[in-house]
Amino acid sequence: MSAVRGLKKTAEPGVHEGHNIVRFRMLLGLQQRELARLMHISQKKLSVMENTKTLEEEPKQKIADILGIKKHF
């Protein structure tokens, strides 16, 4: 799926990237505030991300690096 000029690439139908962050975070035993601290963002901002269907590439890559997973989650 390619990005249309000016629009961000969307997740596969039915995939909620934010919910997947929650799943991986919980599997690793991390609380939201711990992941937010590792990302150098507020817990509130992470909460918003975890409730967002499609995330921008930069935060997605940062989360993937911290959690040790592929960024296509």
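This is a predicted model: local features need pLDDT of at least 70, side-chain atom pairs count only at pLDDT 80 or more; totals for chains, interfaces and linings use all residues.
Three salt bridges were counted. In one of them, Glu17 pairs with Lys60, with 3.0 Å between the closest N and O atoms. Because Glu17 is in helix H1 and Lys60 in helix H4, this pair ties together parts that lie 43 residues apart in sequence. Both partners are buried: the relative accessibility of Glu17 is 6%, and the relative accessible area of Lys60 is 5%. The side chain of Glu17 also reaches the backbone nitrogen of Leu55, at 2.6 Å.

Lys60 takes part in a further salt bridge, with Glu57, at 3.4 Å from N to O. These two residues both belong to helix H4 and are three residues apart, about one turn of the helix. Glu57 is partly exposed, with a relative accessible area of 35%.

Glu50 forms a salt bridge with Arg25, the closest N and O atoms being 2.7 Å apart. Glu50 lies in helix H3 and Arg25 in helix H1, so the pair ties together parts separated by 25 residues in sequence. Glu50 counts as buried at 4% relative accessibility, as does Arg25 at 9%.

The largest nonpolar core comprises nine residues, namely Ile21, Leu35, Ala36, Met39, Leu46, Met49, Leu55, Ile63 and Leu67. Helices H2 (32-39), H3 (43-50) and H4 (57-67) each supply at least two residues of this core, and H2 gives the most, with three. Apart from neighbours within four places in sequence, Met49 is in contact with Gly18, Met39, Ile41, Leu55, Pro59 and Ile63.

Terms used
Residues are numbered from 1 along each chain as its sequence is written. Side-chain values use heavy atoms; hydrogens and water are left out. Buried means under 20% relative accessible area, exposed over 50%, partly exposed in between (1.4 Å probe, protein chains only). A polar contact is a pair of N or O atoms within 3.5 Å; within protein, one must be able to donate a hydrogen and the other to accept it, and residues adjacent in sequence count only if both atoms are side-chain atoms. A nonpolar core is a set of buried Ala, Val, Leu, Ile, Met, Phe, Trp, Tyr and Cys residues joined through side-chain atoms within 4.5 Å. Helices (H or I, at least four residues) and strands (E, at least two) are DSSP runs, numbered from the N terminus. Contact means heavy atoms within 4.5 Å. A salt bridge is a side-chain nitrogen of Lys or Arg within 4 Å of a carboxyl oxygen of Asp or Glu.
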